Amino acid sequence: LSRADLAQAAVARQVRCAVDLILHLERFGDGSRKMTTISEVRKDDSAVPLTDLFVYGSHDRQPQRLLPTGARPDFLERVARRGVDIPSRLFALPAEA
């Protein structure tokens, strides 16, 4: 491996260890800014694996908002051990019409 490959691997490892969530904000045509994606940084050994937990969209002709993708984040057990209860249903897919 070259020095650049080793440096990139070290940075990716540091990001995986230090970052749990990434919030993506986007500016829309009307000038407003909205959060469009909430992604979890997975702790496995790939480069910097991201799993979308919520994405901006609409369901069943409702106004656009952040919608769960159905992915259950890995950090739920870790925060539960610290006394923070995040209900799993928060991450469930919207009910199908």
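**Entry 1: salt bridges**

I began with Arg-42, which forms a salt bridge with Glu-40, the closest N and O atoms being 3.4 Å apart. I use the term for a side-chain nitrogen of Lys or Arg within 4 Å of a carboxyl oxygen of Asp or Glu. This is a predicted model, so local features need pLDDT of at least 70 and side-chain atom pairs count only at pLDDT 80 or more, while totals for chains, interfaces and linings use all residues. Residues are numbered from 1 along each chain as its sequence is written, and side-chain values use heavy atoms, with hydrogens and water left out.

Are the two partners buried or exposed? I take buried as under 20% relative accessible area, exposed as over 50% and partly exposed as in between, with a 1.4 Å probe and protein chains only. Arg-42 counts as buried at 15%, and Glu-40 is buried at 3%.

Arg-42 also meets Asp-74 in a salt bridge, at 2.5 Å from N to O. That pair links distant parts of the chain, 32 residues apart: Arg-42 lies in the loop between β2 and β3, Asp-74 in the loop between β4 and α2 (76–81). Asp-74 is partly exposed, with a relative accessible area of 42%.

How many salt bridges are there by this rule? I get a count of 5. Glu-77 and Arg-72 make one at 2.9 Å, N to O; Glu-77 is partly exposed at 38%, and Arg-72 is partly exposed at 42%. Asp-20, Lys-43 and Arg-78 are linked in a network of salt bridges.

**Entry 2: back to Glu-40**

Glu-40 is found in strand β2. For helices (H or I, at least four residues) and strands (E, at least two) I use DSSP runs, numbered from the N terminus. The Glu-40 side chain reaches the backbone nitrogen of Asp-74 at 2.9 Å. With contact meaning heavy atoms within 4.5 Å, and neighbours within four places in sequence left aside, Glu-40 touches several residues, including Asp-20, Leu-21, Pro-49 and Phe-75.

**Entry 3: the sheet**

Next I traced the strands: an open sheet of 4, in the order β1-β2-β3-β4, with antiparallel pairing. I count strands as paired if DSSP finds at least two bridges between them.

β1 and β2 pair over 7 bridges in the antiparallel sense, and His-24 has Thr-37 in β2 as its bridge partner. Their hairpin has 5 residues between the strands, and there Gly-31 takes a positive phi near 90 degrees. From β2 (residues 33–41) to β3 (residues 50–57) I found 5 bridges, again antiparallel, with Val-41 opposite Leu-50 in β3.

**Entry 4: the core, and a helix residue**

Which residues make up the largest nonpolar core? There are 7: Ile-38, Leu-53, Phe-54, Ala-71, Phe-75, Leu-76 and Phe-91. A core here is a set of buried Ala, Val, Leu, Ile, Met, Phe, Trp, Tyr and Cys residues joined through side-chain atoms within 4.5 Å. Not counting residues up to four places away in sequence, Phe-54 touches Ile-38, Leu-66 and Phe-91, among others.

Last, I checked Ala-12, placed in helix α1 (residues 3–18). Ala-12 is buried at 10% relative accessible area.

Terms used:
Polar contact = N/O pair within 3.5 Å; in protein donor to acceptor, adjacent residues only side chain to side chain.
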